[in-house]
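Please read them with the structure open beside you.

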Amino acid sequence: MAHSARRDCPELPDFSLLKTLARDHLIYLLEQLPGKKDLFIEPDLMSPLDRIANVSILKQHEVDKLYKVEYKPVISTSDQLCFLIRPRLQTVKWICDVANADKAAGKCRRYKIIFTPKKFYSCDAVLEEQGIIGDVTTDEWSFYLLPLDDDIISLELPEFFRDNFLAGDQRWVKTAGSALHLIHSLYGPFTKIYGIGRCSKMAYESWREQVAEGEQRAQKAEIGKVFLIDRDVDFVTPLCSQVVYEGLVDDIFRIKCGCVEFGPEVTSSDKSMKVMLNSRDKVFNEIRNEHFSNVFGFLSQKARNLQTAYDKRRGMDIKQMKTFVSEEFKGLKQEHRLLSLHIGASESIMKQKTKQDFQELLKTEHSLLEGFEIRESISFIEEHINRRVSMLESLRLLCLLSITENGLLPKDFRSLKTQFLQSYGVDHLLTFANLRQLGLLVEQQPGEMLTVMESKVGKLVNDKTAGKLTDAFSSLARKSHFRALSRKLNLVPRSDEEYDLRVPRDMAYIFSGAYVPLSCKLVEQVLDRDGWTGLEEVTKLLNGHEFAVTGNKGADSKAKSDAQRIVLVMFLGGCTFSEISALRFLGREKGFRFIVVTTAITNSSRILESLLDNHV
């Protein structure tokens, strides 16, 4: 079941140092406000903070009470208030209201605001405008990276996607550059840096500036190659239904900071339970990357093996029993508990997916990816919308249809849009505008249809004069990329070949053999070619902004050869668990070890939720 890494694979760097640095920096900042204080924490920082410094550590440094930021009058009686927040104007205004209310009531308190990961000029402007800039002290907690597992690191910035790709707000790009700089500082010089996407190029430039400004220290290279990729380079992958176990758990139960809360339907009790999902969970580690169809068979076999291990107690003498209890029993009990939870989770997933006609849904997705039976697929989507099965699911299918078909025919676009607004409310007009702006849901322009134009674009990008295309025509080419990319990179395996999900032959297994994720295919191709040479047609269809740069050549040759097979892939705008599973598979096949750094773990629901008209 579990595919182990090749024996010649190098060891991954130890990223626990990132947690230690973040914790020590936070403690230092808290100690700048000596004495007892109450700490107010922004809700989306509570889970990351718990991974860095739990309540007992905070108490050790004179944090008396903890509160969640709730935008209402505070009930704290402490004379020192500390606020740990994101640099959001709404939160800063609320802190100003708290301070001004205290002034009006004659209360004298000390206030400290700790912004993470950085403070923006606009925050100081609000403090000054509200007249309290002299009453508060401010600091920055440079918390850039949270290790979620041995090979997954998150910036925990879910707002990066909407701010950068929809609003055009590039303020988080420097934060991504700083995160890369921190990894570079701690884990040695990179030998090659590749990237694609406008945001990736800016993050790379930001990192280069920080490297140039800092001190150069000779050190052992622990990471050889780095790949930066923008989320908008590949929207198809996050829009496809996840069918690997970890992806399904995330879709249904929502994994936050590597932790999931299983409800009574999973725990078989009247209580919910929080569970850490990482490589230290032996049961989870065996099934996390597996196609869901293989999971029940593995769990059944694991249960039989566990029973056999328990049965060894029969016939033991006292000495053997003592050894068994001291050495094995505790581990077996822990494994039994985890096994029960994952069986419960699998059953719950199965019930939910059966309710939603999951097989029909997957069949429709596969038809869209292959470009067959499009009218039948549109009928399925219409039925889905009219039955009001799930708004996000309907939106996801509409976007997948639009991207794979290079835009919708005007009559289909109008009809589907009207049906959607009638089913889910006309207030989603702005949602459609957001989706159109990102190119997720667009109407084909009158005149020559984009599907017809695709072949012309294909010929043009082969032409030596392709670089002279006008901006308008480049825009047209950008809309018509999926079918051409699919052919050039073989993203959709031939459907007439039998695909054995128990013994996957390529990364397409993460989507039941129907589709190789474009993002991961690009990583594979660039690593195979050691650059973008030979992929010129592909990069033009992806609107360019690709780069390949040779990095520092400092490290010794042995360290270099080990590090060369450790590849860091940084997703700007979010990464799915399916993509992480695909990269792990690629690593096993090619002898690489992949480290995934992402602005946040994402999926189709999170992407679409961030684009809804009522998003705050």
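**Notes on a predicted model**

1. Helix α7 passes helix α8 in a right-handed crossing. The coordinates belong to a predicted model, and the points below should be read with that in mind.

2. Two packed helices are described by the angle between their axes and the distance between the axes. For α7 (residues 173-187) and α8 (residues 198-213), the packing angle is about 55 degrees and the axes lie 8 Å apart. That angle makes α7 oblique to α8, because angles of 65 to 115 degrees would be needed for roughly perpendicular and angles under 35 degrees for roughly parallel.

3. Which residues make the contact between these two helices? On the α7 side they are Val-173, Lys-174, Ala-176, Gly-177, Ser-178, Leu-180, His-181 and His-184, while α8 contributes Cys-199, Met-202, Ala-203, Ser-206, Trp-207, Gln-210 and Val-211. By residue type, the contact of α7 with α8 divides into 8 nonpolar, 6 polar and 1 charged.

4. In soluble globular proteins, nonpolar side chains tend to be buried together. The largest nonpolar core here has 191 residues, and the members that touch the most others are Trp-141, Ile-223, Tyr-515 and Met-570. Helix α17 (residues 391-404) gives the most to this core, with 8 residues.

5. Met-570 deserves a look of its own: leaving aside residues up to four places away in sequence, Met-570 touches Leu-155, Ala-176, Ala-179, Leu-180, Phe-227, Leu-228, Ile-229 and Val-597.

6. Most residues other than glycine have a negative phi, and most peptide bonds are trans. Against that background, the bond joining Thr-116 and Pro-117 is a cis peptide bond, with omega about 0 degrees. Pro-117 sits in the loop between β4 (110-115) and α5 (121-129).

7. Tyr-71 is a residue other than glycine with a positive phi, near 55 degrees, and its place is in the loop between β2 (63-68) and β3 (80-85). Is Tyr-71 buried, partly exposed or exposed? Its relative accessibility is 35%, so Tyr-71 counts as partly exposed.

8. Glu-156 likewise has a positive phi near 55 degrees without being glycine, and Glu-156 is found in the loop between β7 (152-154) and α6 (159-166). At 14% relative accessibility Glu-156 counts as buried, because the cut-off for buried is under 20%.

Definitions and conventions
Residues numbered from 1 in each chain as written. Predicted model: local features only at pLDDT ≥ 70, side-chain atom pairs only at ≥ 80, totals over all residues. Heavy atoms only, no water. Axes fitted to C-alpha atoms, helices over the stretch in contact; angles between N-to-C directions. Helix = DSSP H or I, 4+ residues; strand = E, 2+ residues; numbered from the N terminus. Parallel < 35°, antiparallel > 145°, perpendicular 65-115°, else oblique. Left-handed = near helix turned anticlockwise from the far one by under 90°. Contact = heavy atoms within 4.5 Å. Nonpolar A, V, L, I, M, F, W, Y, C, P; charged D, E, K, R; others polar. Core = buried A, V, L, I, M, F, W, Y, C linked by side-chain atoms within 4.5 Å. Buried < 20%, exposed > 50% of the residue type's maximum accessible area, 1.4 Å probe, protein only.
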